[in-house]
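Here is a note on the two-chain model that you asked me to look over.

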Amino acid sequence: MSFMVAMTVTLVGTVYVSFRLANQLFDQALNVEGRAKITDEAAAALSHGGERGLKIWLNNHLRIAPGIVLYVMNERGDELLGRAMPRELFQLLRTRPFRPQSSPPPSNLRPMQLTSTLIGPNDEEYRLLFARAPSTFLGLLTWPGTPFAVISIAVLATALMALLLARYLSSPIARLQKASLALAAGALDARVGQPFTRRKDEVGRLARDFDKMAERIQALVTDKETLLRDVSHELRSPLARIRMALALAQRRANQAAQPDLERIEREAERLDALVGQVMTLTRLRTATEPRRDVVRLDTLVAEVVDDARYEHPKTKVEYSTSGEVSLLGDPDGLKSAVENVVRNALIYSDPAQLIEVRLEAKAGEAAVRVLDRGPGVAPEDLAKIFEPFYRTDQSRDHRQDGQGIGLAITARVTELHHGSVRALNRPDGGLEVVLKFPLDRLPEAA
Amino acid sequence: MAEHRLLIIDDDQRLAEMLVEYLAPEGIELTTVATGVQGLRSAQRENYDLIVLDVMLPGLSGFDVLKQLRESGSRTPVLMLTARGDDVDRIVGLDLGADDYLSKPFNPRELLARVKAILRRTTEPATDEVAEITVGKLRANLPRREAWLADEPLKLTNAEFVILVTLMRAPGEVVSRESLTRTALGRQLLPDDRSLDTHISNLRRKVGGEEQDDVVIRSIRGSGYVLVPPGG
């Protein structure tokens, strides 16, 4: 935008300078000889027809040359045709006394002053003035006799040219900016695209390079996702067989072996859950729009809290809600989003510590807050806990089984629902995770 | 002597062999085939009590098998094995006429429970004293396992028919998701269990769920479903 303004200013400036140049050319066109000739004509008209003759002559010679206007002033200081005169010119004529000495016309013509004195039959004096177009741009436009239409068209044409040129230069840059923003926001298929990439200039080359880079990034990310999906997919079959073999073994083995088999089963279940989460995450990553069922968020969170209390009977989990909260979305996805945050709080809390789950709804937005009294997270890691397989140093001592990707699933689900997730350390210790979902466009539930 | 004859269509033959071994003591004789084509041929030739079908089969997919099986008029109950958490698999499968689903890798005990549930529901003789129930324009014939809406025959899957009949027995009364799952699917409602809800949404499409319809299946949030008779 500012670029376009600069372009227009430059072009208008150019127009202005060229008009000034044109003025000078007009001056040259009406040189001393030209002026003398006109003055003679005026003097002849005056001597033959008196003031009336001069008026008639003047009426026929209003525009003697482009950009030059003739005025005639009588001794009373009035213009003969009653036209308004530019003030400076008027002043110039008035301050110079009439009849300074008897000098015969038109010899007193001074080229630079551009005035001549005419003596009428009754010895009265008239001043003939060659007025030039004024030197200000706006004045030029308003000057009587300026070909106004011509100037307007010229200005409009240059403005249009400026606009087209600006668009020609700035539109691929705007497109490039849009594409890079989209790419940064995760739309890996964002490209500048034709026709910009076909241009032969530097901007076209930049557009082509950008598209090549985006292509490469997309390929890398897709490869990674595909690998992750394929690996977890391939893990399913051996896992299913392990669980099958385990079930057979549990049936055949004697009592002494049962605890070991149960341990194997637990680990197999853990592996199973992990593979399931990876598969869920890869599926969510490639998804663009969630299902849009009417979901009762308050009951959904209540279910999650009930499950948590059931799984961790020693931990106190408090739940508060502001009432009925409904939104459009994927019930399974939303449930696991909330569940993963609550589970995370349970992992990092001691049984004696209180976990609070709050659901708040206000002005088109629902917020689920999960607050614990655990160790919290180092400030620089607060955003990273939503990355897959991110673990704080604290959990590396195997104190608990981290979930690895639970919070990444949460982040992806909230993103798909156009919401947000954020973690912050509580001032008096512990971690607070806030999930926010917009509540707009909810149809009337039947 | 096996009480029940089952077919499993799964390309993981080592898993299928172990499953044969696992189910045998339960009185279940399991036949294993590895491809969809073989499975379809076997299902149409033999009379199985239940088919366990993996949706991810090379070549003819599990969905194709299910579709062709139902198109050929077979009503053999089908338990689908789906990818974990894949909504689309579950919805498509149940819509095509599968009775229930289980995500893979599964817990063998859970598989056994589901198999038994379906067998109990489908092979035990009906002990109904009534042969036909009518609610509004909706009519169900229990022995023939057929239903009509305004005398138009409805194309219902096994599970959909049982759910509909359960709701029709108590028109205007809310039936909880737990009890519907127990009576219609013959098993317990589990966490993250979307089987019933998927069946209901399919059933609604066929029978009616809009306010202007004659008979409405309405969902009562947090508690269950209710069949609302006309004027109710």
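1. A salt bridge is counted here when a side-chain nitrogen of Lys or Arg lies within 4 Å of a carboxyl oxygen of Asp or Glu. The model is a predicted one, in which local features need pLDDT of at least 70 and side-chain atom pairs count only at pLDDT 80 or more, while totals for chains, interfaces and linings use all residues. Side-chain values use heavy atoms, with hydrogens and water left out, residues are numbered from 1 along each chain as its sequence is written, and chains are lettered from A and ligands numbered from 1 in the order in which they are written.

2. In chain B, the side chains of Asp10(B) and Lys104(B) form a salt bridge at 2.9 Å, N to O. The two residues belong to distant parts of the chain, 94 residues apart, with Asp10(B) in the loop between β1 (4–9) and α1 and Lys104(B) in strand β5 (residues 100–104); helices (H or I, at least four residues) and strands (E, at least two) are DSSP runs, numbered from the N terminus. Both Asp10(B) and Lys104(B) are buried, where buried means under 20% relative accessible area, exposed over 50%, and partly exposed in between (1.4 Å probe, protein chains only).

3. A second salt bridge in chain B joins Lys116(B) to Glu26(B), with the closest N and O atoms 3.1 Å apart. This pair also links distant parts of the chain, since Lys116(B) is in helix α5 and Glu26(B) is in the loop between α1 and β2 (28–33), 90 residues apart. Lys116(B) counts as partly exposed because its relative accessibility is 35%, and Glu26(B) counts as partly exposed because its relative accessibility is 28%. Elsewhere in chain B, salt bridges with shared partners connect Arg5(B), Glu29(B), Arg45(B) and Glu46(B) in one network.

4. Which residue of chain A meets Asp272(A) in a salt bridge? The partner is Arg243(A), at 2.7 Å, N to O. Asp272(A) is in helix α7 (residues 258–286) and Arg243(A) in helix α6 (residues 202–252), 29 residues apart. Asp272(A) counts as buried because its relative accessibility is 5%, and Arg243(A) is buried too, with a relative accessible area of 8%. Over all chains, the count comes to 38 salt bridges.

5. At the interface, 27 residues of chain B are in contact (heavy atoms within 4.5 Å) with 30 residues of chain A. The two chains bury about 2600 Å² between them, 52% of it on carbon and sulfur atoms; buried area is the accessible area (1.4 Å probe) that two parts lose on being put together, summed over both.

6. Five salt bridges are counted between chain B and chain A, and one of these pairs is Asp332(A) with Arg90(B), at 3.4 Å, N to O. On the side of chain B that touches chain A, α1 (13–23), β4 (78–83), α4 (87–95) and α5 (108–123) each supply at least two residues, and α1(B) gives the most, with six.
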